[in-house]
Structure formats: C-alpha cells, structure tokens
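Reader: I have a new model open on my screen. Please show me how to read its features, one at a time.

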Amino acid sequence: MYGKAKRSAQELIRRIRLKALRGSFSGYGMLFEDVLPAEFLVENDKTKRNRHFGAIPVFWAWLGQILEQNASCSRGLSLVQAWCTGAGLEPPTGDTSSYCQARMRVPDEFLQKILSRVQDVQRRAMRPEDRWNGLVLKAFDGTSVKLMDTEENQEVYPQPSSQAEGCGFPVMGIVGLLNMSNGSWEAFTTGTWKLHDARAAQRLLGFVEEGDLILADRAFCSYELFTRIQARGAECLMRLHQARHRKLDWRKGKKVSPFERLITWHKPVKQSKASELSAEEWDALPETITVRYIKMGYEDRAGEKQMMVVVSTLLDPEKHDGIELIDLYARRWEIEVKFRDVKTTLGMEEFAVRSPAMAHKTLLMMMISYNLLRSLMQRSATLADKPLVEMSFKGALDTLSTMHPLFRGLGAQHRKRARLREEVIATCATKILDIRPFRQEPRAIKRRPKPFQYLTAPRHVFREIHHKEQYRKVA
C-alpha cells in the first residue's frame, strides 16, 4: 500500500541514457572529457530528446566522422549503435536517414557554446613563448569548399561562371581568422566565390582584440582595414597592396634605415565599393595614419629576383626590428598549412550537404573538431617543450584515431582514463616535424589524372566517346 509507484519504461530509458552521457560517449568523449565534460554538454543540451539521436550522441558521432578524415554517415551511425549497445539501450537500425536528419536538428547555439568553451581552454593553455614580443599572432586568409549540386546550394553559392550550367558544383567561399599563437580557428565568414577577401574580413573584426598582431597578404592591405584594426587596439603586418606598390616612390616619407621608411597614408576621397561601413562610420575614420614600409629582396618561383614591401603599424625600429618583422611575415604561410590540414588531412575539401544551412553547420563542426585536436597538440607541445608550430598535425591525428578505442569500457574508472589520456599526450609529444628551411615545393602534380572527358553538358545530354586518349569536348 505504501510502496513506490512503478517507473515507466520511458523514465528508465531516460535515466540509463543520462548515466551513459555522464560517463562520456565512446572513446572520443572520454579522451576530451577534460575539455568538454559531460556535465557541460548535458547542461547546454536544450533539445530534451531521450531517444538515440539526441544532440550529445550525434555531436560525438559527427566529431568521430570528421576526425576519421570525413568518414561517411554510416560510420557515424555505427558509433551511435556502439554507444547504445554499451549503455544497455536498444541500438537504432542500420538506415542512415534518421542519423542524417538528427545532424540537421543539432542546434547551432549548442555548437557555438561548445566552440567557445574549446577556444577558452586553448587561450588559457597559451604559454608566454607562444606570443611574439607579448603580442598574440592572428592571421586572415580565405579558401573555398565544394558543395553538392543542389538547387538550394546553387542559389546561395553558385558555381563558377567558367563552368557550364549543370556541369559544376556550388562553391562556398570561406574567410577565416586563425590564432597562430595557440593554433585555433577564432572565427569564419562565408560568401560566394566572387566575395573579395578584404570585404569578408571586415565581418570578423569583432574577434580582433587589444594586444593582437594581425598578419595577412596584400589582398587585405587597405586603409580602411588598417584603421579599423588600430581602433580595436591591435597592430597590423601585411604585404603592400599591388596598387600602392606600382606607385611606390622610395624617396618619400621619413627614412628609418636603408630599407625602412615611415609613410603617411591619407584617407581615400571615395569610399570603396567593398566597404560595408555606413557613410557616418566612413566619415569617422581618421584622415591620416602613419605606417612603416620595410622592403626586402627575394627570389620568386621562377628564380627571378623580386622586391617585396611589407607594411606595419609597429613604428618603433628599436622595439621591433625590421628584419624580425620580415621573418615574422614569412610565418603568414602557416595559415596556408592550416588550410591544408583541414581540407586535405581531414578530407574536408567537399561537403556532402544538400543545403547552405547544413554547410554552415558542417563548417562549425569542422572548426570544433580541428580546435579539439589542436588543444591536444598544445598540451603535447608543453610536455615536449617545443614550439606549437613544430608539432605534427597528422601525427596527432593518427595517434588519436588509433588510441581512442582504448577508452571504451572505462566509464567508471576515472583515474585509469586520466592515466591513459596522459599517455596519449605523451605519444603526441613524440610527433615532431622535421623542419626543412628553403625546401623547394613546386606547385605541380606528380600523379597523372585519368584520361577522362570533362563533363561539359548535363548528364542526360552528354555524349561519351569510348576511345582512350581520343576524348574531345562535346557541346
């Protein structure tokens, strides 16, 4: 008469699921539980779904897909099935459609909070030697990825105009802000393939903070961007834009050294078409700014001698030597290497998504996955007492992919998980890059492509010629 009421089956499933989530999800969840503890994820999961495909299980499965070099959705579903089996829940069926729909339901706000937490962990782990003369190095640059050829993607991110209709792929342009001191992606913005990098960079200025030093190539070198970055308390180091380089007169300005001068820039009479400022904001920009030109000679890829001019807002030659600034600008190439890590090593050159909204969510997940791996590399660099730039991204990824299954079955053994995590970090600390300065790396393809025709007409119209090495364009 005074006994407890029977619990419903749904309540039992909910309790089992919550216990499994707090014990972390699969090897990836246990490996990164010090960065993303289960309590944090459960607290920020507002979906309140108690089935197999809640936001947290889908997040870890999606993370596994990306860290396993952009694996298929079938692989992600297998991770969810393995988690359910280990947690005592009935695993879902082998149809991937439910899992794909669940990825679409993961809230962007949930992923943004995860990204912010990972970035906070990376900022706290930054060492004094990771800064340059006390400044945090950040860099702007752009790239692009291909999307699936659907009407939705074509409408927002149309294919390049050089490709015939129905014969290309939508291209999503990406401009990102990379923190070179801790290796994290700070932010990104997207646009069509026509969007100029400098215009897109203006949308990321909210992530530029006091004490930052912004590196970028000459596409970003504009009066507006320099003044707006300085207004946020940050400094600039960029290559001189080609339009200014063509009119360069080295006799003008104040001489600092034979290869350095202080130059006064005047605000352009007309506002640039690429500017996104209002007329009032444009008028509020200062009328002049003083910048420092530093020139150097170099050999281009053809072996011909050229002259490069670097522009900086760091004006004191005693505090910031010109040769050091030239060497620092050479580090801007690191952002190109980071793009290669994401697009080639992680296999993210193409997004298999059918809508722009899913493309943005995939890009957000890619940033989280990349930053989590870089946080692991930060700890390994500290253990190895090496600069972060010398740690191997591919080596860390290989270590992660081979050792994360060792965490399975350790949900109730906190100390053993901690010891195993330290072993993973110690293994990553042995993955050191072989730095080879002045190594020649020509932009050439060694592997020959297959001698297939180009698709120059829609598939239902295209006519294939079945003769090897005798293909021709078909209208």
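Author: Start with contact: it means heavy atoms within 4.5 Å. This is a predicted model, so local features need pLDDT of at least 70, side-chain atom pairs count only at pLDDT 80 or more, and totals for chains, interfaces and linings use all residues. Residues are numbered from 1 along each chain as its sequence is written, and side-chain values use heavy atoms, with hydrogens and water left out.

Reader: Leaving aside neighbours within four places in sequence, which residues is Gly166 in contact with?

Author: Gly166 is in contact with Asp149, Gln159 and Pro458. Also check Leu455: Gly166 and Leu455 are 289 residues apart in sequence, yet 9.1 Å apart in space, C-alpha to C-alpha.

Reader: Where is the place of Gly166?

Author: Helices (H or I, at least four residues) and strands (E, at least two) are DSSP runs, numbered from the N terminus. Gly166 sits in the loop between helix H8 (151-156) and strand E2 (171-179).

Reader: Does Gly166 count as buried, partly exposed or exposed?

Author: Buried means under 20% relative accessible area, exposed over 50%, and partly exposed in between, with a 1.4 Å probe and protein chains only. Gly166 has 37% relative accessibility, so it counts as partly exposed.

Reader: Which residue other than glycine has a positive phi near 60°?

Author: Gln69 has that value. Gln69 lies in the loop between helix H4 (55-67) and helix H5 (73-87). Its relative accessibility is 41%, so Gln69 is partly exposed. Asn133 also has a positive phi, near 50°. Look for Asn133 in the loop between helix H7 (108-124) and strand E1 (136-147).

Reader: Next, helix packing. At what angle do H4 and helix H6 (residues 97-105) pack?

Author: Axes are lines fitted to C-alpha atoms, for helices over the stretch in contact, and angles run from 0 to 180 degrees between N-to-C directions. Here the angle is about 105°, and the axes of H4 and H6 are 10 Å apart. Under 35 degrees counts as roughly parallel, over 145 as roughly antiparallel, 65 to 115 as roughly perpendicular, and the rest as oblique. H4 is therefore roughly perpendicular to H6. Val58, Ala61, Trp62 and Gln65 of H4 meet Tyr99, Ala102 and Arg103 of H6.

Reader: Now empty space. How is a cavity told from a pocket?

Author: Rolling a probe the size of a water molecule over the atoms shows where empty space is left. On a 1 Å grid over the protein atoms alone, a cavity is a set of points where a 1.4 Å probe fits but cannot get out; a pocket is an open set with protein on both sides within 12 Å along at least five of seven lines; lining residues have an atom within 4 Å of a point. Grid points are joined across faces, edges and corners, and a volume is the space filled by probe spheres set on the points. The count here is two cavities of 30 Å³ or more.

Reader: How much space lies in the largest cavity?

Author: About 120 Å³. Its lining has 13 residues, with Ile174, Trp185, Phe339, Leu363 and Met366 nearest the centre. The second largest cavity holds about 40 Å³.

Reader: Which residues lie nearest the centre of the second largest pocket?

Author: They are Cys221, Ser222, Tyr223, Arg244 and Pro268, out of 29 lining residues. The second largest pocket has about 840 Å³ of space.
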